[in-house]
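Biologist: Please put the model up, and we will go through it by question and answer.

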Amino acid sequence: MELLTQPWHWAVSGFLIGLVVPLLLLLGNKAFGISSSLRHICAACLPANLSFFKYDWRKESWNLFFVGGILLGGFIAGHWLRDPHAVEIAAATRERLAGYGIYDHSRLLPPEIFSWSQLLTWKGLIFFVIGGFLVGFGTRYAGGCTSGHAIMGIANLQWPSMVATACFMAGGFFCTHVILPWVFGLVS
Amino acid sequence: MSNIKYLLAGAFFGIVLVKAEVVSWFRIQEMFQLTSFHMYGVIFTAILTAMLSLQVIKRAGIKTILGAPISVAPKTFNKGQLFGGLLFGLGWAITGACPGPLFALIGNGFTVVIVTLFSAIAGTWVYGAVKNRLPH
């Protein structure tokens, strides 16, 4: 049981994540990809006569079951396989985050940012509202996210997915080294 | 009912995402600060496993459990992969999450991530509304 509750090694985790690709193909010839679910939710709930949301989302409903499963998996991992220890963070990152006023590593997300009490603050606006918007807008504009492009696309030797993944990383590096230091200076 | 198998596959994936800690904002910060190999190790291993599996499926002509042929549609390039990719990268570093982890985190008990998910859905919707005016 301790094997299950402790954080899993990157090689084990990567192998198990990679197996989801053949698993979905074997279950029903489905291509691994998660950001499409956000589009299906729009098509189902608020199509607003936009051509981008006019398609039969019911034919893609497997994808909504899949993300529902991810939610359930998150619950199972949190309730029965929870690791009682703090997230082990590299010393250099820990120091840098302390400079931003982030000290609590006891859970997967820092409570100094990701808690309901921050919702109506500048932090909340930037970290959940604007950040989330960029995730949804960017992945759809790019035609996929880390699952659809970085894993499925590259594994299938698709060069457009290599380009997309390189841009994901470039955007992330720029944000971490240029935007976030500025943002933390502003909000803390 | 046939969709239940995808719910189970998702649950498996969700458990791995959490246990791998790739849903952790801290791990994403480490990745972009180049202070830990963890995320790189997970992603490279996942790609390698998926790549080898795809080769086996293609070469051996393996079919689905219901006997249907397996085929993966090719991806075509457009400038969206550049511009959209950069924008997603910004959001990835801010929220510490891509779409999959958003669902896993909510299930894990981080209810405030529901706000992030709604914002991501709004972002997807706005993309659908302005798509024709963007360079592709």
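Biologist: Are B:Glu21 and B:Arg27 buried or exposed?

Modeller: This is a predicted model, where local features need pLDDT of at least 70, side-chain atom pairs count only at pLDDT 80 or more, and totals for chains, interfaces and linings use all residues. Residues are numbered from 1 along each chain as its sequence is written, chains are lettered from A and ligands numbered from 1 in the order in which they are written, and side-chain values use heavy atoms, with hydrogens and water left out. Buried means under 20% relative accessible area, exposed over 50%, and partly exposed in between (1.4 Å probe, protein chains only). By that scale B:Glu21 and B:Arg27 are both buried.

Biologist: What joins the side chains of B:Glu21 and B:Arg27?

Modeller: The test is for a side-chain nitrogen of Lys or Arg within 4 Å of a carboxyl oxygen of Asp or Glu. For B:Glu21 and B:Arg27 the N to O distance is 2.9 Å, so the pair meets that rule as a salt bridge.

Biologist: Which residues are linked with B:Arg27 in a network of salt bridges?

Modeller: B:Arg27 also forms a salt bridge with B:Glu30, the closest N and O atoms being 3.0 Å apart. B:Glu30 and B:Arg27 lie three residues apart in helix 2 of chain B, about one turn of the helix; helices (H or I, at least four residues) and strands (E, at least two) are DSSP runs, numbered from the N terminus. An α-helix has 3.6 residues a turn, so residues three or four places apart point the same way. The residues networked with B:Arg27 are B:Glu21 and B:Glu30.

Biologist: How many salt bridges are there over all chains?

Modeller: B:Glu21 with B:Arg27 is one of them, and B:Glu30 with B:Arg27 is another. Over all chains the count comes to two.

Biologist: Where is B:Glu21 found, and what is its phi?

Modeller: Most residues other than glycine have a negative phi. B:Glu21 is found in the loop between helix 1 (4-19) and helix 2 (25-33) of chain B, and its relative accessibility is 6%. Its phi is positive, near 65°.

Biologist: What is the phi of A:Ala48, which is not a glycine?

Modeller: A:Ala48 lies in the loop between helix 3 (36-45) and helix 4 (61-79) of chain A. With a relative accessible area of 45%, A:Ala48 is partly exposed. Its phi is positive, at about 50°.

Biologist: Why is helix 7 of chain A described as largely enclosed?

Modeller: The helix runs over residues 146-155, and its buried residues include A:His149 and A:Met152. What covers them, with contact meaning heavy atoms within 4.5 Å, includes helix 2 (10-28), helix 6 (122-142) and helix 8 (159-187) of chain A, together with helix 3 and helix 4 of chain B.

Biologist: Which residue with a positive phi follows helix 7 of chain A?

Modeller: The phi in question is near 60°. The residue is A:Leu157.

Biologist: How many disulfides does the structure hold?

Modeller: A disulfide is a pair of cysteine sulfur atoms within 2.5 Å. For A:Cys42 the nearest cysteine sulfur, that of A:Cys45, is 7.9 Å away; for B:Cys98 it is that of A:Cys145, 6.3 Å away. A:Cys42 is buried at 2% relative accessible area, and B:Cys98 is buried at 10%. The disulfides over all chains number zero.

Biologist: Which residues make the nonpolar surface patch of about 470 Å²?

Modeller: Patches are made of residues with over 30% relative accessible area and no salt bridge: like charges are joined within 9 Å, nonpolar side chains (Val, Leu, Ile, Met, Phe, Trp, Tyr) within 5 Å. B:Ile62, in the loop between helix 3 (38-60) and helix 4 (80-95) of chain B, is partly exposed at 33%. The patch is made by A:Leu26, B:Val56, B:Ile62, B:Ile65 and B:Leu66.

Biologist: What ipTM does the predictor give the complex?

Modeller: Per residue, pLDDT is the predictor's confidence from 0 to 100, and chain B averages 97. The complex has a pTM of 0.97 and an ipTM of 0.97.

Note on methods:
Areas by Shrake-Rupley, 256 points an atom, 1.4 Å probe, with all protein chains shown as cover.
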